Amino acid sequence: MKRLVILFSLFGFVIQTYSQEQKAPSPILFIYDASGSMWGQLDGKTKKEIASEVMSTTVNNLPENQHVGLIAYGHRTKGDCDDIEYMADITNTSKSKITETVKTINPLGKTPLARSATLAINSLKENNVKATIILVTDGIESCDGNLCDIVAQAKASGIDFKLHIVGFGLKENETEQLKCAADAGGGKYYDASNASALGEGLTEATSATVDKPEGNFSIYTTKNGEPVDAWVKATKAGTNETVDGSRTYRDSAWVHLPPGKYDIAIRPLEGSDIPGTSITVEMKEGETKHETISFDGGTLEVTATNNGEGWDAVVKMFDSNGKVASNTRTYGRSKTMEVPAGKYKVTFQGLVMKGVNTYFEIDNVEVKSNTTTPLTHNFDTGKVMVGVQTSSGELIDATVNFHEVDANKNVAASRTYTSSSSNPREFLLSTGTYKVKVVTLGVHKGKTETFTIEVKKGETVTKTITY
């Protein structure tokens, strides 16, 4: 790109021209799995469909001047370990060429990972170019090859590349060689069990390119002695200006920090309610640093019952500062909440039921690290059926109000209307003594009746008022 720079001064002007080429980022080369197993399904879609959609989104989000290459394997012949093809050269800048090609690929064959990597690496050597290689695979090596050895040997020979691997729908015992290869290639292994995780992995892989400076600060996160996935975000100290970010994927996450002072925010993932933390670090020229962050916590398993049967309730945990540490809804089942070890106030709010005893607090519930603590609360309720009708059986619309006698509090109100589905009207109330007031509406309005009723656990009382 040619630029003309004009410099003016008070005494005249000087015209200076210079040429500056806008440098494009190094190529990204995708190795795409088109083996027969891509017809397998996840969440009601084939892995081929999911991968095609996610790849399209990822590629379309790349910079306009990004060179993008594509190698596919297994798309032409069922049993051929050499069925590997360069679908788009690394000089390609057309995003649509990549996205349209991926859509039309028909998965058929085997999974020659080592041979595919060899083709990719050799093309970089022949063209004397460095690149980021991203392998997307839903299977392990099915031909005669050792991907980790191929990558390690290429690195040792001086070929400049970074290899990321995204395992799509793989089992835990299938990832060892892929993790080895990604590590040997200076990149990361991303485990993707669904479309969302595949998108996250590809997004991070395409941003952690061979052009990005090597990380000099690493974070490793644990929970109760086991590695845990976490987000890592580095900002300039005292500001919101992001410098770098990464994700641990239960491994070490690296970020690059130039000399200076930084705030590092670390937030655990995997559905935990354990809060994140932050540290402040200062980096000097040439330094490499590491921190291990522990998110030790325990689990509270809560169960709400009504008359001894599973019941829907909202359960909240409050820390010593009165802040909500975690909350859940039971839907009639036991639910777990993972929080830092400590003592909490726990509240149960029974749903659907009415009365003064639908809310309950328990103080000083202790949650210990790496331990599941069970906690159950039972609500006692009974049913009241209130109907209003004429002596001839005609249903009368009326308001019905319940006043809890001991608490001197109005707790429930509704209408009977003139439908058999609501007259008599059902009320689920906590046990106790209630004063009930019925006021007729509509053509029969103006009549009032008041009575007292006792609600007992598990019992149903029916009251029909006839005018």
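**Exercise 1.** Which residues line the largest cavity?

*Solution.* The model is a predicted one, in which local features need pLDDT of at least 70 and side-chain atom pairs count only at pLDDT 80 or more, while totals for chains, interfaces and linings use all residues. Residues are numbered from 1 along each chain as its sequence is written, and side-chain values use heavy atoms, with hydrogens and water left out.

Step 1: a cavity is, on a 1 Å grid over the protein atoms alone, a set of points where a 1.4 Å probe fits but cannot get out, whereas a pocket is an open set with protein on both sides within 12 Å along at least five of seven lines; lining residues have an atom within 4 Å of a point. Grid points are joined across faces, edges and corners, and a volume is the space filled by probe spheres set on the points.

Step 2: the structure holds 1 cavity of 30 Å³ or more, and about 30 Å³ of space lies in the largest cavity.

Step 3: the lining of the largest cavity consists of I31, L113, S116, A117, L135, L147 and L163, with helix 3 giving the most, 3 residues. Helices (H or I, at least four residues) and strands (E, at least two) are DSSP runs, numbered from the N terminus.

Step 4: by class, this cavity lining has 6 nonpolar, 1 polar and no charged residues, where Ala, Val, Leu, Ile, Met, Phe, Trp, Tyr, Cys and Pro count as nonpolar, Asp, Glu, Lys and Arg as charged, and the others, Gly among them, as polar.

**Exercise 2.** Describe the largest pocket and its lining.

*Solution.* Step 1: the largest pocket holds about 1,200 Å³ of space. Step 2: it is lined by 38 residues, of which K188, Y189, T248, Y249 and D251 are the closest to its centre. Step 3: the classes in this pocket lining are 10 nonpolar, 13 polar and 15 charged residues.

**Exercise 3.** At what angle do helix 4 and helix 5 pack?

*Solution.* Step 1: helix 4 (residues 147-156) packs against helix 5 at about 5 degrees, with the axes 8 Å apart; axes are lines fitted to C-alpha atoms, for helices over the stretch in contact, and angles run from 0 to 180 degrees between N-to-C directions. Step 2: helix 4 is therefore roughly parallel to helix 5, a term for angles under 35 degrees. Step 3: the contact (heavy atoms within 4.5 Å) is made by L147, C148, V151, A152 and K155 of helix 4 and by Q177, L178, C180, A181 and A184 of helix 5.

**Exercise 4.** Where is the cis peptide bond?

*Solution.* The bond from N423 to P424 is cis, with omega near 15 degrees, and P424 is found in the loop between strand 29 (409-415) and strand 30 (425-430).

Conventions. Parallel < 35°, antiparallel > 145°, perpendicular 65-115°, else oblique.
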